[in-house]
Amino acid sequence: MIILRLFLNPTKILEMESNIKNKVVVITGASSGLGEATARHLAEQGAMLVLGARRTNLLENIVKEIVSNGGSAIYQAVDVTRKTDVQALIDAALHTYGKVDVLINNAGIMPIAPMTELRTDEWDDMIDINLRGVLYGIAAVLPVFQKQKSGHIINLGSVAGIKVFSPGGTVYSGTKFALRAISEGLRHELDATIRTTIIAPGAVESELKHGTSHAESSVNVKKFYKMAIPASSVARAIAFAIEQPADVDINEIVIRPTAQEF
């Protein structure tokens, strides 16, 4: 019998952990769900957080807890559909910490309904938040990264950007397919000093499942999300992408419950 043993170099492990410590990480949609879980996890790893969302009361509590536990974090009201808000978030990071190392474009919504319902207002909202908001984030941070000659853009996609989530999620899938194309195109256009990652979660515990106003679709979404895994699972995946050495670019991570077929 042959026994193979893998010995991990403790020095290498410490080096990867230190790749998160003291990095300035900006997170949109940070007041709950994946954004909040990621903020808390990265704070434990020593990152300095700049948190943006519309619900500042929730952000304030998160920041207070991070700081009381010895971490470093600030927050700012941000509506990602407003270019000036997103730019102001990046400016706040620069003013407070003097740099930005990572931008996590996390803000997103998922109202599910058949296209025959013609809920064009919801279509507009998904395009504005899931796509335009991400593009505003890229536009705000890219000049900073180019000047620094370093940086990391992480976009929160979905398994619905790999396979169409229908019936009901066709427009949502459209935004996530587009986000995947934008992420890959951005990776191809940028030089080796800037990294790009798209995280594609499946059913993960968050407020996304509560964003559906169409009654029948809402029932189906909540049934589907009974298998959801904790938001901390995605937070660890994001940390894994960030902690890699500068010459390693984790371009895409798909993470879903083992019970999820879609």
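Tutor: The largest cavity has a volume of about 80 Å³. On a 1 Å grid over the protein atoms alone, a cavity is a set of points where a 1.4 Å probe fits but cannot get out, and lining residues have an atom within 4 Å of a point; grid points are joined across faces, edges and corners, and a volume is the space filled by probe spheres set on the points. Of the 16 residues lining this largest cavity, Pro 111, Ala 113, Trp 123, Met 126 and Gly 168 are the closest to its centre. This is a predicted model, in which local features need pLDDT of at least 70 and side-chain atom pairs count only at pLDDT 80 or more, while totals for chains, interfaces and linings use all residues. Residues are numbered from 1 along each chain as its sequence is written, and side-chain values use heavy atoms, with hydrogens and water left out.

Helix 5 and helix 6 each supply at least two residues of the lining of the largest cavity, where helices are DSSP runs (H or I, at least four residues) numbered from the N terminus. By class, the lining of the largest cavity holds ten nonpolar, three polar and three charged residues, with Ala, Val, Leu, Ile, Met, Phe, Trp, Tyr, Cys and Pro counted as nonpolar, Asp, Glu, Lys and Arg as charged, and the others, Gly among them, as polar.

The count comes to two cavities of 30 Å³ or more, and the second largest cavity holds about 50 Å³ of space. Its lining includes Thr 28, Asn 106 and Gly 137, and helix 5 gives the largest share of that lining, four residues.

How values were computed:
On a 1 Å grid over the protein atoms alone, a cavity is a set of points where a 1.4 Å probe fits but cannot get out, and a pocket is an open set with protein on both sides within 12 Å along at least five of seven lines; lining residues have an atom within 4 Å of a point.
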